[in-house]
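Please look over the sequence and the structure shown here before reading on. The report then moves from the whole chain to two of its residues.

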Amino acid sequence: VHANWSLTERKGWLTLKALQADQLKTARNTLSQKLMGYEGEAVTQIDASCLAEGTSAGLCALGSIYVGVGITRHDGKLRFYAENSGQRELLGAAGKIGYVKVHADGCRFLFYYSADGKNYREAGKPQEVRPANWKGPRLGLYCYNALGDQGQASFNYFRYQILK
């Protein structure tokens with residue numbers, strides 16, 4: 001539904017409204033595309049200042065499993081977190097602006113997070129994301145809230161570079 005995303009609400013940014021979901025796999029407000037090339041890297045900048053309690057937003061890989069890294073508001077604080085097929089791990093503290101990226105090598109994905117867009121930390125171990133259908137794994141941006149349809153995130157850019 002067009003009411004749940006906007007390219008004009010904040011000029012130059014993609015805004016995704018949070019829709020209720022209990023995990024990334026069931027997130028209904030996800031924008032994705034098929035992985036291009038054999039090896040590549042994607043990065044995005046997230047403005048998390050409008051995340052409501054329970055809202056999560058970030059960058060994901062979708063296929064046989066659902067994995068991602070992003071920012072969540074948990075117990076009133078902004079935190080980076082990683083999610084793997086419904087299992088969540090809280091990482092470091094996040095500010096209102098955060099950066100997440102993924103390195104994809106075939107079906108192997110390694111996620112990173114950063115507070116400044118320069119110094120990145122690994123977010124968990126590499127994950128094998130096999131195709132769930134004939135089209136192969138997809139990369140995506142998402143925003144959802146386990147507590148209800150509340151909160152939103154804005155993405156300044158989505159940059160994808162094919163390495164091989």
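What follows describes a predicted model, starting with the chain as a whole.

The protein chain has 15 strands and 0 helices. Its radius of gyration is 14 Å, close to the 15 Å that the globule rule gives for 164 residues, so the chain is as compact as a globular protein of that length. Along the principal axes, the C-alpha trace spans about 40 × 35 × 30 Å, and buried residues make up 50% of the 164 residues. As for charge, the chain carries 21 positive and 14 negative side chains, with the centres of the two sets lying 3 Å apart.

Two residues can now be set side by side.

| Residue | Strand | Relative accessible area |
|---|---|---|
| D47 | β5 (residues 39-47) | 10% |
| E89 | β9 (residues 87-93) | 45% |

D47 counts as buried because its relative accessible area of 10% is under the 20% cut-off. The side chains of D47 and S49 are joined by a polar contact of 2.7 Å, and, leaving aside neighbours within four places in sequence, D47 is in contact with R10, W13, K96, I97, A153 and S154.

E89, by contrast, is partly exposed, at 45%. Leaving aside neighbours within four places in sequence, E89 is in contact with F80, Y81 and A82. From C-alpha to C-alpha, E89 and G124 are 8.7 Å apart in space, although 35 residues apart in sequence.

Terms used:
Residues are numbered from 1 along each chain as its sequence is written. This is a predicted model: local features need pLDDT of at least 70, side-chain atom pairs count only at pLDDT 80 or more; totals for chains, interfaces and linings use all residues. Side-chain values use heavy atoms; hydrogens and water are left out. Helices (H or I, at least four residues) and strands (E, at least two) are DSSP runs, numbered from the N terminus. Buried means under 20% relative accessible area, exposed over 50%, partly exposed in between (1.4 Å probe, protein chains only). A polar contact is a pair of N or O atoms within 3.5 Å; within protein, one must be able to donate a hydrogen and the other to accept it, and residues adjacent in sequence count only if both atoms are side-chain atoms. Contact means heavy atoms within 4.5 Å. The radius of gyration is taken over C-alpha atoms; the globule rule is 2.2 Å times the number of residues to the power 0.38. Lys and Arg count as positive and Asp and Glu as negative; His and the chain ends are not counted. The place of a charge is taken as NZ of Lys, CZ of Arg, CG of Asp or CD of Glu.
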